[in-house]
Amino acid sequence: MRSPSPLRRLLASLTLAAVAVLGLASEAQAQDKRSEISLSGDISSTDNYDRTVIWASYGFYLTPQMVLKLGYTRFYTWQHAPYSEQVTNGFDVGARYYFQVGRTGEFVPFVEAGVGTSETTVWSVGSTTTDSSSTFTLKGGFSYFINESASFDISVYQRSEDPSDTTGILFGTTVRF
């Protein structure tokens, strides 16, 4: 008896993997709104300073009101005089708690906390520096539910990292699936 060719073994393995993925996908579809994707940010400017902030996260619902979140942040700052640019990229893990299950047309308050790490690079005339630090972020805000799958969000945040803290207001959206 001949052993199966490597191509047949690969084909059999891929078929079994596809069947397993389809089984998991149908199981996930049976659970309504178990995940969310959020995107928010702000832009600010003064005579000598411009800043752009982007927050993106993926969340998995542990309960109908509690979401475990994995996030990415990017802060970009440009100072006109003396010239400097600063970029901070960060990753964090945290949780968001909605004070009630959102329904169409409702404002639902939430709180969120996260811990993570960030790397900041500063370019100024004649020098470049890069530093890493740990972060701790607190947010509080409201989600306005357009429908049960999507909301507009507004929140206030306090982000602590060495050497300074950042506070701001974020505007964004969340899609649940």
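Which residue in S6 is the bridge partner of proline 109? It's phenylalanine 142. Before going on, keep in mind that this is a predicted model, where local features need pLDDT of at least 70, side-chain atom pairs count only at pLDDT 80 or more, and totals for chains, interfaces and linings use all residues. Residues are numbered from 1 along each chain as its sequence is written, and side-chain values use heavy atoms, with hydrogens and water left out.

Strands here are DSSP runs (E, at least two residues), numbered from the N terminus, and two of them pair if DSSP finds at least two bridges between them. Start with S4 (residues 84-98): it runs antiparallel to S5 (residues 107-124), joined by 15 bridges. Along that pairing, arginine 96 sits opposite glutamate 112 of S5. S5 also pairs with S6 (residues 127-147), again antiparallel, over 18 bridges. Two residues lie between the strands in the S5 and S6 hairpin, and there glycine 126 takes a positive phi near 85 degrees.

Now look inside. The structure holds one cavity of 30 Å³ or more (a set of points on a 1 Å grid over the protein atoms alone where a 1.4 Å probe fits but cannot get out).

Note on methods
Helix = DSSP H or I, 4+ residues; strand = E, 2+ residues; numbered from the N terminus. 1 Å grid on protein atoms, 1.4 Å probe; cavity = no way out; pocket = protein on both sides within 12 Å on 5 of 7 lines; lining within 4 Å. Points joined across faces, edges and corners; volume = space filled by probe spheres on them.
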